Protein chains: 4
Amino acid sequence: MVSAVLRLHCEDVKGIVYNVSRFIYEHGGNIIDAQQHTEQLDKRFFMWVHFDCTDLAVDRGALRKHLEKLAAQFAMTTELSFSDERKRMAILVSSYDHCLYDLFLRHQYGEIDADIGVVLSNHETLAHVAKSFNVPFVHVPVLAGGKQAAEEEMLRVFREHEIEFLVLARYMQILTPLLVDSYRHRIINVHHGFLPAFKGARPYHQAYEHGVKLIGATSHYVTAELDMGPIIEQETVRVSHSHSVEDLISLGRDVEKKVLAQAVRAHAAGRIMVYRRRTIVFRN
Amino acid sequence: MVSAVLRLHCEDVKGIVYNVSRFIYEHGGNIIDAQQHTEQLDKRFFMWVHFDCTDLAVDRGALRKHLEKLAAQFAMTTELSFSDERKRMAILVSSYDHCLYDLFLRHQYGEIDADIGVVLSNHETLAHVAKSFNVPFVHVPVLAGGKQAAEEEMLRVFREHEIEFLVLARYMQILTPLLVDSYRHRIINVHHGFLPAFKGARPYHQAYEHGVKLIGATSHYVTAELDMGPIIEQETVRVSHSHSVEDLISLGRDVEKKVLAQAVRAHAAGRIMVYRRRTIVFRN
Amino acid sequence: MVSAVLRLHCEDVKGIVYNVSRFIYEHGGNIIDAQQHTEQLDKRFFMWVHFDCTDLAVDRGALRKHLEKLAAQFAMTTELSFSDERKRMAILVSSYDHCLYDLFLRHQYGEIDADIGVVLSNHETLAHVAKSFNVPFVHVPVLAGGKQAAEEEMLRVFREHEIEFLVLARYMQILTPLLVDSYRHRIINVHHGFLPAFKGARPYHQAYEHGVKLIGATSHYVTAELDMGPIIEQETVRVSHSHSVEDLISLGRDVEKKVLAQAVRAHAAGRIMVYRRRTIVFRN
Amino acid sequence: MVSAVLRLHCEDVKGIVYNVSRFIYEHGGNIIDAQQHTEQLDKRFFMWVHFDCTDLAVDRGALRKHLEKLAAQFAMTTELSFSDERKRMAILVSSYDHCLYDLFLRHQYGEIDADIGVVLSNHETLAHVAKSFNVPFVHVPVLAGGKQAAEEEMLRVFREHEIEFLVLARYMQILTPLLVDSYRHRIINVHHGFLPAFKGARPYHQAYEHGVKLIGATSHYVTAELDMGPIIEQETVRVSHSHSVEDLISLGRDVEKKVLAQAVRAHAAGRIMVYRRRTIVFRN
């Protein structure tokens, strides 16, 4: 079965759900699930609709064109995607392998509705992992003073592999605006700390010194401001005085891979919309 | 603002969302939130719609009448309720007060969209709690061999107080079909154990002897079969070998009151539908 | 059964456990539970011993005196308390009642090994709650420019009621050094936010604007630096884009009362030691 | 640093902690951590002591011999193990790989204090995974009517690889007493269901039909009675009506690997004692 996901937001006026469901009905779609949300801060209306395309009465071009008219009528921002047009992702890593293995395995189990086009790293350490899952591995070292050149090479690799979104699976380089702007709201990072506390380096050491009783991890979209992009997923795990910094790091691995995977799944399935500094993550 | 909740289920055919949203639109309602669900076991479609009634074009009688026509067209089972027609609940207790206090306080905080009409007990122990919250307390003792008479008296009390649903807040009597059938899918119980394990008496002692590492509680609708009605909410809490039976009971209190309160909130807000032995609990 | 709790810390040298257990054995005590901990930052050794005093061979004065000798030998800092010398606590509140009810009820269930000597408030709002649990209520208003005078009056009340530690159960006044220094590491506060993020005012509004996916609460000892004292307990609860600020506040109530109660239980039972900015919380 | 773990249980009489700590002190050991526990059901005392052996005054043979004398004096059951005598484990699998990958990776991160001697399977499906981690893989098919022969072959393989404990990482064969008795309390299984509910086959289908709101997994020692051996670790994850059986299976994978890994870590580190049908799992 081919299905589609329509995401839109607009001013909160009467009749949006009716008009959208009529649009889908009249084009032969069958709504499987729909979710709505109104942002409290400025009364903006968000809608996510998942519909069956088996009996679609028009071709996709026509559907998109008619959607434009509906969008114009209500000043909607819309996005439409189809389940058989799978997105391609790149996974960026440095030397830690836990998030990489986790993404490979979840992809194999069919949990992620996207294809892994390439693994890219500033080190060669994890080439063997990509190889064992039959995914191309590209090494792009980042030399002192050579970050710009490296990012240009990375962009070339992403174009070559037709990459639509990036997953920073503990990639230890800060991205410049060149990459961030090329993939706006399409770069997912995992921060090994419970944002907005403990920004920056060595968050587990900071956590130990503060004697926190919970540690956490946060997945978020990358924006120009370091570790401050829209949060997608967060999770914490209980710790005590008896945990060493090494224990925190070990417990942190489990949380990091979990919040990253959930963000990747939601992004791949088209369940995320970004508004202001917040994400609306429609439910699975 | 007065709003309404429409719940329905029917065979999963094309156009339900469209027809329901058109129905609401054409009668002047404005959809605030809507949720859908299709049961996997037999492809039955469920829908929950919350809509603003400020600009309703017809009176409620007419709305209900027109809804009947729509329901007939799709062989729908429907229920319609309005936010200003608050339901009235009775809380049944024996001697434990933790769930009772919790419900009183949540009601005071505005978390429960229903009114507490009466507290009824087979003991007099908790009369002072009801009094401190200014709610009528009725003592209906259950004598040996007198359960039938007691339940008839209870039904009389519920009628007098116009009670629409019952909350068994650690009420330690098993109900007979007389009461259960009078309030079908409208009696909420909390079981102090993680059903379906540990049915029946002294679940915390059973849990200790089995050396479980989690204990839990379950809220569910009461049916003829003991502790086996449709589950509404469940939760667990971590325990270890070092917890005594008394510790388990103490930890259990926190879980019991939480799962009971969540069930009461969902029921009061009209967010629950029952199908087969499962509940569909639409999200808050 | 009367039991005692001995807490100590000292440099981590060989034979501490042996010498402490010999000390208890030779004085007729029977160890029920003991826990040890070595701080990673500077190799300091912490020990907590719970022992049965039924067959104690000496009186408490002699025991304390002999303990001093042992402490001198290893340069230990020690504290010794007996289960029949219950501590007395004061609960400070403003207008929110959820933590107050929770502490009263847990005290009634026997979960807190201390007595509630007095409830003190800068408002009269919650007098009726204290009354319904038969605990003295004292109203000490804090007038503009009169904080010093108010704290002096508070200290007088605490002396009168022989108060040994203070619980700020959503008390909305910042304490001055007068009170903080009088009850060093004996004032427990609950912060309605997941420290160290969102310090200061309106943390739930901050959380909403950041679009966090978890909210939390933190209980900690009060020190001169606002909301930065040693953390005792923390907990988070999952939220989503669909939760309003009011929902966050409501969910927050449950977490606040839980982390405050756990801190009070641990403190009352003598299970907490403070070192640097960290707490060692021995397990129940 | 070489360290040792001493585990013992005996009748709960005065002076055990003192005598054990004296024993260690007098032999030159330095206690790093010690935990005690008294079983409520019959007042049996359990103790776990982790001590530094750097300055051990005698050889291990002498230490063991002297320990026997202490054990005889108090009718203790004791076990003593040294950190440099690492245990060897076999992992048994069928076709699911999630637990296998998880154990390999945690072993690589140093989280498991044991060596993986061999992976054994009734299928060849996962040979490549063992190969990619450089661990021997042995295929022992279980033919109809040939279970006894297969288990004899398995025992031979385990002897050859000097295997001390077995981990059933979703191994889909029921073991006979031949294997179970050979590795009493040394076979760890993960049950994909929250025991003691949903014993036996297809627990996720059972869970769906019951409409449970939590699913879980349980790791336990294998005994003659199916899925009823002493529980080591349990965990649950929240589900709703909207999760399909496939979703439950997917969520279950995460819980299964987590509870299995925690059981393996605890067993490898010598932190588990079994008594009656309960486990005492000393804390990390």
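## Strands that pair in chain A

Two strands pair if DSSP finds at least two bridges between them. Strand S8 (residues 165-168) of chain A passes that test with strand S9 (residues 187-191) of chain A: they pair in the parallel sense over 3 bridges. This is a predicted model.

At one point of this pairing, A:Leu166 stands opposite A:Ile187 in S9(A). How does the chain get from S8(A) to S9(A)? The path runs through helix H6 (residues 177-182) of chain A. This β-α-β crossover is right-handed.

S8(A) also has a partner in strand S5 (residues 87-93) of chain A. These two strands run parallel and are joined by 4 bridges. Here A:Ala90 stands opposite A:Leu166 in S8(A). A:Leu166 therefore faces A:Ala90 in one pairing and A:Ile187 in the other. In a regular strand the side chains alternate between the two faces of the sheet.

## The whole of chain A

Chain A holds 8 helices and 13 strands. Its C-alpha atoms fill a box of roughly 60 × 40 × 35 Å, taken along the principal axes. Is the fold of chain A compact or drawn out, and what does the radius of gyration say? A compact globule with 284 residues would have a value near 19 Å. Chain A has 21 Å, which agrees.

Of the 284 residues of chain A, 44% count as buried. Now take the contacts in chain A between residues at least 6 apart in sequence. Of these, 71% join residues at least 24 apart.

## Where chains A and C meet

How many residues of chain A are in contact with chain C? There are 24, and they touch 24 residues of chain C. Two strands of chain A, S11 (231-238) and S13 (278-281), each supply at least two residues of this side. By class, the side of chain A that touches chain C has 11 polar, 9 nonpolar and 4 charged residues.

Chain A can be laid on chain C by a turn of 180 degrees, with a shift of 0.0 Å along the axis. The RMSD is 0.0 Å. The two copies are thus related as by a two-fold rotation axis. Which surface does each copy use? Of the interface residues of chain A, 100% are also interface residues in chain C, so the copies meet through the same surface.

## Where chains C and D meet

Chain C also touches chain D. This contact takes 12 residues from each of the two chains. On the side of chain C, helix H1 (16-26) and strand S2 (30-39) each supply at least two residues. That side divides into 5 nonpolar, 4 polar and 3 charged residues.

## Two residues with positive phi in chain B

B:Asn134 is not a glycine, yet its phi is positive, at about 60 degrees. It is found in the loop between helix H4 (127-132) and strand S7 (137-139) of chain B. B:Arg170 is not a glycine either, and its positive phi is about 65 degrees. Its place is in the loop between strand S8 (165-168) and helix H6 (177-182) of chain B.

Is B:Asn134 buried or exposed? B:Asn134 has 8, so it is exposed. Is B:Arg170 buried or exposed? For a buried residue the count must be 20 or more. B:Arg170 has 21 other C-beta atoms within 10 Å, so it is buried.

Methods:
Residues numbered from 1 in each chain as written. Chains lettered and ligands numbered in written order. Predicted model: local features only at pLDDT ≥ 70, side-chain atom pairs only at ≥ 80, totals over all residues. Contact = placed C-beta atoms within 7 Å. Nonpolar A, V, L, I, M, F, W, Y, C, P; charged D, E, K, R; others polar. Right-handed = clockwise from strand over helix to strand, strands pointing away. Least-squares fit on C-alpha atoms with pLDDT ≥ 70 in both. Rg over C-alpha atoms; globule rule 2.2 N^0.38 Å. Buried ≥ 20, exposed ≤ 12 C-beta atoms within 10 Å, placed from the backbone.
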